[in-house]
Amino acid sequence: MAADLSGKDVERAQFVFSIYDTDGAGSVDACDLGGVFRALNLNPTLATIEKLGGTKKKGEKKFTLDEFLPIFSQCKKDKDQGVYEDFLECLKLYDKAENGTMLGAELSHTLLSLGERLDEKEVEEVLKDCLDPEDEDGFIPYVPFLQRMCGKIPLKDGTRATGGD
């Protein structure tokens with residue numbers, strides 16, 4: 001076990017781990033590692049997930065809870081993950097009128113081309129679930145979008161996102 005995790009962290013990890021232990025065998029597939037981290041309110045990059053042992057294919061590797069806890073501890077310490085405030089500062093760069101809005105097309109372009117890029121289908125899904133309608137000039141309020149993305153307010157369908165905060 002990771003000695004630097006609090007009892008509450010271990011309890012949360014056990015709960016999330018049990019959800020991802022789909023066959024009840026006491027292990028989680030390494031391809032689900034990113035989902036487990038996000039359910040624990042962490043937001044590691046894909047490179048970090050891979051570095052910590054995550055895989056892209058199901059069935060290549062599994063983790064027991066005892067193997068996962070030190071990985072969870074290491075991920076919690078990793079500063080190479082974005083948080084809500086970081087993302088907010090990035091979107092403010094596109095707010096030319098400084099009124100809390102940006103062009104919807106710029107948001108779409110950003111999701112398609114910067115950082116860990118999404119493909120067009122993923123962008124469409126994110127925008128459908130999290131984005132308020134554009135005004136007549138093509139501007140959108142980016143704070144509610146970001147809050148939905150980071151799980152701070154419910155998605156349009158009433159569920160919550162599993163992003164970090």
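# Helix faces, a pocket and loop residues

Q: Which elements do the buried residues of α5 pack against?
A: Helices (H or I, at least four residues) and strands (E, at least two) are DSSP runs, numbered from the N terminus. Packing here rests on contact, meaning heavy atoms within 4.5 Å. By that test, the buried residues of α5 pack against β3 (101–103), α6 (104–113) and α8 (142–149).

Q: Which pLDDT do local features need in this model?
A: Residues are numbered from 1 along each chain as its sequence is written, and side-chain values use heavy atoms, with hydrogens and water left out. This is a predicted model: totals for chains, interfaces and linings use all residues, side-chain atom pairs count only at pLDDT 80 or more, and local features need pLDDT of at least 70.

Q: Which residues of α5 are buried?
A: Buried means under 20% relative accessible area, exposed means over 50%, and partly exposed is in between (1.4 Å probe, protein chains only). Helix α5 covers residues 84–92. Its buried residues are Y84, L88 and L91.

Q: Why do the buried residues of α5 line one face of the helix?
A: The arc is taken from the directions that run from the helix axis to the C-beta atoms. Look down the axis of α5. The buried residues line one face because they fall within an arc of 65°.

Q: What arc do the buried residues of α6 cover?
A: Helix α6 buries G104, L107, T110 and L111. They sit on the same side of α6, since they cover an arc of only 125°.

Q: Which exposed residues lie on the face of α6 turned away from its buried side?
A: The buried side of α6 has a cover that includes α5, β3, α7 (120–130), β4 (139–141) and α8. The face turned away from it carries the exposed residues A105 and H109.

Q: Is E106 buried or partly exposed?
A: E106 lies in helix α6. Not counting residues up to four places away in sequence, E106 touches Y94 and K96. Its C-alpha is 9.8 Å from that of G138, a residue 32 places apart in sequence. With a relative accessible area of 22%, E106 is partly exposed.

Q: What is the volume of the second largest pocket?
A: On a 1 Å grid over the protein atoms alone, a pocket is an open set of points where a 1.4 Å probe fits, with protein on both sides within 12 Å along at least five of seven lines; lining residues have an atom within 4 Å of a point. Grid points are joined across faces, edges and corners, and a volume is the space filled by probe spheres set on the points. For the second largest pocket the volume is about 220 Å³.

Q: Which element gives the largest share of the lining of the second largest pocket?
A: Residues in this lining include A30, C31, R38, E50 and K56. The elements giving two or more residues are α2 (33–39) and α3 (46–51). The largest share, four residues, comes from α2.

Q: How many residues of the lining of the second largest pocket are charged?
A: Ala, Val, Leu, Ile, Met, Phe, Trp, Tyr, Cys and Pro count as nonpolar, Asp, Glu, Lys and Arg as charged, and the others, Gly among them, as polar. Five lining residues are nonpolar and four are polar. The charged ones number three.

Q: Is E98 buried or exposed?
A: E98 is in the loop between α5 and β3. Its phi is positive, about 50°, although E98 is not a glycine. At a relative accessible area of 73%, E98 is exposed.

Q: What relative accessibility does N41 have?
A: N41 lies in the loop between α2 and α3. Its phi is near 65°, a positive value in a residue other than glycine. N41 counts as partly exposed, at a relative accessibility of 42%.

Q: What distance separates the C-alpha atoms of P133 and G104?
A: P133 is in the loop between α7 and β4. P133 is exposed, with a relative accessible area of 68%, and touches F139 and I140, not counting residues up to four places away in sequence. P133 and G104 are 29 residues apart along the chain, and their C-alpha separation is 8.9 Å.

Q: What share of the residues of the protein count as buried?
A: The secondary structure comes to eight helices and four strands. The protein has 165 residues, and the share that count as buried is 39%.
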